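Thanks for coming, everyone. I'll keep this short. Have a look at the model on the screen.

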Amino acid sequence: MTERIQLPTLSTEKDYDGDEFSPIYTTTVTVHGGVASHGRASGRARSSDGALDLDLRMPAELGGEGQETNPEQLFAAGFAACFHGALSLLARREALDPAAISVVATVAFGRDPEDGGYVLRVGLVVRWPGVARETAAGLMEEADALCPYARMAWRGTPTTITLDS
């Protein structure tokens with residue numbers, strides 16, 4: 001018998017009208033460089049609560065062995081899971097069963113033609129058999145506005161970088 005998982009109590013309503021960011025959950029992950037002193041090539045990522053603890057390696061396409069998780073995979077998993085969650089909340093609001101929803105995230109790492117630096121491109125594909133295309137498209141548009149990862153992608157994310165001496 002499988003254990004029933006508690007659904008999130010988050011709302012799709014605009015039930016916050018504050019003037020400042022109000023964190024609901026915060027996590028911290030530390031990456032060390034490993035034997036190559038390079039987080040992407042030989043790093044180890046560990047969350048402060050220990051729930052995430054894994055080796056990071058370069059994918060074969062970037063010169064690595066491709067045998068472990070890489071940052072783009074983690075980002076794709078986070079984006080797909082977050083978008084799935086937003087779409088699931090919206091589906092339930094409309095009394096639709098979200099059980100058949102799957103979200104495929106493709107993250108491409110490459111060069112930015114504007115300045116030659118590195119950039120990520122993300123593509124999401126939603127599969128939702130049994131739901132009318134127009135219904136799914138409307139809810140996907142709402143999910144794009146609700147999902148923090150999607151909002152980060154089109155709005156940017158405030159970032160601070162600090163040296164801890």
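Is Arg-93 buried, partly exposed or exposed? Arg-93 is partly exposed, at 36% relative accessibility. Keep in mind that this is a predicted model.

Arg-93 has a salt-bridge partner, Glu-94. The closest N and O atoms of the two are 3.0 Å apart. Glu-94 counts as partly exposed too, because its relative accessibility is 42%, and partly exposed covers what lies between buried, under 20%, and exposed, over 50%.

How many salt bridges are there by this rule? The count comes to six. I'll take you through some of them.

Now to E2 and E3. Strand E2 covers residues 44-47. Its pairing with E3 is antiparallel and runs over three bridges. Look for Arg-44 here. What stands opposite Arg-44 in E3? That is Asp-55.

Arg-44 forms one with Asp-53. Their closest N and O atoms are 2.9 Å apart. Asp-53 also meets Arg-46 in a salt bridge, at 3.5 Å from N to O. So Asp-53 has both arginines as salt-bridge partners, Arg-44 and Arg-46, within the 4 Å cut-off.

Arg-44, Arg-46, Asp-53 and Asp-55 are linked in a network of salt bridges.

How accessible are these side chains? Take Arg-44: its relative accessible area is 33%, so it is partly exposed. Asp-53 has 36% relative accessibility and is partly exposed. Arg-46 comes in at 43%, again partly exposed.

To recap, there are two places to look. One is the network that links Arg-44, Arg-46, Asp-53 and Asp-55. The other is the salt bridge between Glu-94 and Arg-93. That's my part. Over to you.

Conventions: Residues numbered from 1 in each chain as written. Predicted model: local features only at pLDDT ≥ 70, side-chain atom pairs only at ≥ 80, totals over all residues. Heavy atoms only, no water. Pairing = 2+ DSSP bridges. Helix = DSSP H or I, 4+ residues; strand = E, 2+ residues; numbered from the N terminus. Salt bridge = Lys/Arg side-chain N within 4 Å of Asp/Glu carboxyl O. Buried < 20%, exposed > 50% of the residue type's maximum accessible area, 1.4 Å probe, protein only.
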